[in-house]
Amino acid sequence: MKPIIIAIDGFSSCGKSTMAKDLARSVGYIYVDTGAMYRAVTLYAMRHNMFNTDGTVKVDDLEKAMADIHISFEVNSKTGRNDAFLNGEDVEDDIRSMAVAGHVSPIAAIPFVRKALVAQQQAMGTKKGIVMDGRDIGTTVFPEAELKIFVTASPVVRAERRYAELKGKGMDINFDDILKNVEERDYIDTHREVSPLRKADDAIELDNSNMTIEEQREWLLEKFRLATNQHE
């Protein structure tokens with residue numbers, strides 16, 4: 001079959017990364033977690049004191065540093081995960097913290113950050129055969145993608161999933177804080193000036209609030225089969 005580009009967009013904590021990884025593994029495609037790329041830039045900014053006390057970004061400092069921020073993905077030989085690397089360091093666990101989650105939206109809204117990372121993402125998709133998830137893949141990164149999925153679920157369901165994930169990692173967190181973070185990120189992501197989160201006109205919507213992982217898998221594989229057959 002002729003390889004295609006699969007763009008999966010949607011709200012935070014919808015399980016986009018999990019379903020994208022699973023789909024890529026099932027069909028033999030490369031998976032790229034663009035959210036991890038923005039989280040990695042956020043981690044860099046936090047480590048280099050690029051946030052003001054009010055949570056705003058020291059934009060000039062970050063802009064000067066962008067050329068030195070290199071993000072890649074490599075398979076972790078111990079876990080089999082596709083881990084994010086920041087300048088050669090495996091930061092997969094660090095970028096999943098609540099501290100990073102609370103700072104990533106303002107970073108992702110900065111035009112020069114998005115421009116730099118979109119260029120990296122587009123370079124990754126030149127040979128197709130790729131599954132990429134994020135906020136603006138089907139609208140900005142790959143508007144020509146042959147299959148676009150827009151994922152949504154209720155804020156409470158998404159907060160419950162995030163809470164369970166972090167608890168499972170042994171983190172001491174509060175559910176109300178998680179829900180507040182989810183709602184704040186939704187607002188910022190949908191109202192930012194550059195590449196706001198929105199459903200592409202030709203995207204297929206998937207509300208997975210009440211779906212099992214297996215039901216999602218079957219739904220996605222069916223959409224993949226239809227898309228590849230249309231682009232033979």
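Student: Leaving aside its neighbours within four places in sequence, which residues is Asp136 in contact with?

Tutor: In this predicted model, Asp136 is found in the loop between strand S6 and helix H7 (137-141). Once the neighbours within four places in sequence are set aside, the residues in contact with Asp136 are Asp9, Arg114, Val118, Val141 and Ser195.

Student: With which side chain does the side chain of Asp136 make a polar contact?

Tutor: Asp136 is buried, its relative accessible area being 2%. Ser195 is among the residues in contact with Asp136, and the two side chains make a polar contact at 3.5 Å.

Student: How many of the residues of strand S1 are buried?

Tutor: Strand S1 covers residues 5-10 and is mostly covered. Ile5, Ala7 and Asp9 point one way from S1, while Ile6, Ile8 and Gly10 point the other way, and all are buried. In a regular strand, side chains alternate between the two faces of the sheet. The count of buried residues in S1 is six of six.

Student: Which residue in strand S7 stands opposite Gly10?

Tutor: Strand S1 pairs in the parallel sense with strand S6 (residues 130-134) over five bridges, and there Ile6 stands opposite Val131. S1 also pairs in the parallel sense with strand S7 (residues 147-152), again over five bridges. In S7, the residue standing opposite Gly10 is Val151.

Student: What distance separates the C-alpha atoms of Gly28 and Gly129?

Tutor: Gly28 lies in the loop between helix H1 (16-27) and strand S2 (30-33), and Gly28 is exposed, with a relative accessible area of 63%. Gly28 and Gly129 are 101 residues apart along the chain. The separation of their C-alpha atoms is 8.0 Å.

Student: How far apart are the closest N and O atoms of the salt bridge between Asp22 and Arg217?

Tutor: Asp22 is buried, with a relative accessible area of 15%, whereas Arg217 is partly exposed at 24%. Asp22 forms a salt bridge with Arg217, and this pair links distant parts of the chain, Asp22 being in helix H1 and Arg217 in helix H10 (residues 213-230), 195 residues apart. The closest N and O atoms of the pair are separated by 2.7 Å.

Student: Why does the salt bridge between Asp33 and Arg96 tie together separate parts of the sequence, and how many residues apart are they?

Tutor: The side chains of Asp33 and Arg96 meet in a salt bridge at 2.8 Å, N to O. Asp33 lies in strand S2 and Arg96 in the loop between strand S5 (89-90) and helix H4 (98-101), so the pair ties together parts whose separation in sequence is 63 residues.

Conventions:
Residues are numbered from 1 along each chain as its sequence is written. This is a predicted model: local features need pLDDT of at least 70, side-chain atom pairs count only at pLDDT 80 or more; totals for chains, interfaces and linings use all residues. Side-chain values use heavy atoms; hydrogens and water are left out. Buried means under 20% relative accessible area, exposed over 50%, partly exposed in between (1.4 Å probe, protein chains only). Helices (H or I, at least four residues) and strands (E, at least two) are DSSP runs, numbered from the N terminus. Two strands pair if DSSP finds at least two bridges between them. A polar contact is a pair of N or O atoms within 3.5 Å; within protein, one must be able to donate a hydrogen and the other to accept it, and residues adjacent in sequence count only if both atoms are side-chain atoms. Contact means heavy atoms within 4.5 Å. A salt bridge is a side-chain nitrogen of Lys or Arg within 4 Å of a carboxyl oxygen of Asp or Glu.
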